[in-house]
Amino acid sequence: DIDCRLTDSVVNNLLGLLMSNPGLVITGSSRPLNNQLHIPFVQAQWAVQQATDPALPAEVRGLLGRNAALHREVVEATGRFSTPAPTGTDYTLAKEVLRRGYHIRFEPSSVIPTEFPRTFGTYVHKQARWIANVVKIGRRYGERNEVRQASITVLLPVAMMLLAALGTTWPIFWMIDGLLVMTSIFNRLGYQRRCGMMIPLRATLLHFLGDQAAGLKAGFMIVRKQVSW
């Protein structure tokens, strides 16, 4: 991708594994660009990724489009450009690969520097597009667990707003709403602590709000059957 910076280690770690396993699709991870490492909002995003990547199994059901490699015959087996992919091309490619019996291997040592969203609006747009893609395209491929998780992400901010509204009449709902918010924020703080990061609370709160806004926007996109890049 144009917002990434290829390095020798990224390429070698992907292709080294691919050369010895031609039937595999290899995918790696990403990190912020060097000039973004000091930005608290970017750090908040990266902390979640760093904390969750180690929990990924050796074989995964998706690939990171900006850091993946596969042999030409695997691409040809998926139908190449004849396969409909109006959006979510990397998600579609992963599902077409799996549908034809190939396996996707996660290679944690291949970490590509890429431009993370610097602003709230850019982050919300990218997250919403991804969530909506999982719901819409995941249903096509029968990925019930992924669709369920994405649907929860869409419904959570709606539930929080509903609880806040009910709290005007029954204050106990404010307490429940507050517990949901605090649990989510404490989870993020736990990720940061696990990664050895000290991030300003304001950036953590902004990241939390960004996820809620992205869930709402994704819900609107799904209802309107909107396709977005």
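A218 touches A128, I131, A132 and V154, leaving aside residues up to four places away in sequence, where contact means heavy atoms within 4.5 Å. This is a predicted model, in which local features need pLDDT of at least 70 and side-chain atom pairs count only at pLDDT 80 or more, while totals for chains, interfaces and linings use all residues. Residues are numbered from 1 along each chain as its sequence is written, and side-chain values use heavy atoms, with hydrogens and water left out.

**Cores**

- The largest nonpolar core has 15 residues, and I131 and A218 have the most contacts inside it; such a core is a set of buried Ala, Val, Leu, Ile, Met, Phe, Trp, Tyr and Cys residues joined through side-chain atoms within 4.5 Å.
- Two or more residues of this core come from each of α5 (120-140), α6 and α8, with α5 giving the largest share, 7 residues.
- A second, separate core of 10 residues includes F116, Y123, M197 and A203.

**Helix α7**

- In α7, the residues D177, S184, I185, R188, G190 and Q192 are buried, that is, under 20% relative accessible area with a 1.4 Å probe and protein chains only.
- These buried residues of α7 pack against α2 (40-52), α6 (144-166) and α8 (201-223).

**Packing of α2 with α7**

- The axes of α2 and α7, which are lines fitted to C-alpha atoms over the stretch in contact, come within 8 Å and cross at roughly 70°.
- A47, V48, A51 and T52 in α2 meet Y191, Q192 and R194 in α7, and the residues of this contact divide into 4 nonpolar, 2 polar and 1 charged.

Terms used:
Buried means under 20% relative accessible area, exposed over 50%, partly exposed in between (1.4 Å probe, protein chains only). Helices (H or I, at least four residues) and strands (E, at least two) are DSSP runs, numbered from the N terminus. Axes are lines fitted to C-alpha atoms, for helices over the stretch in contact, and angles run from 0 to 180 degrees between N-to-C directions. Ala, Val, Leu, Ile, Met, Phe, Trp, Tyr, Cys and Pro count as nonpolar, Asp, Glu, Lys and Arg as charged, and the others, Gly among them, as polar.
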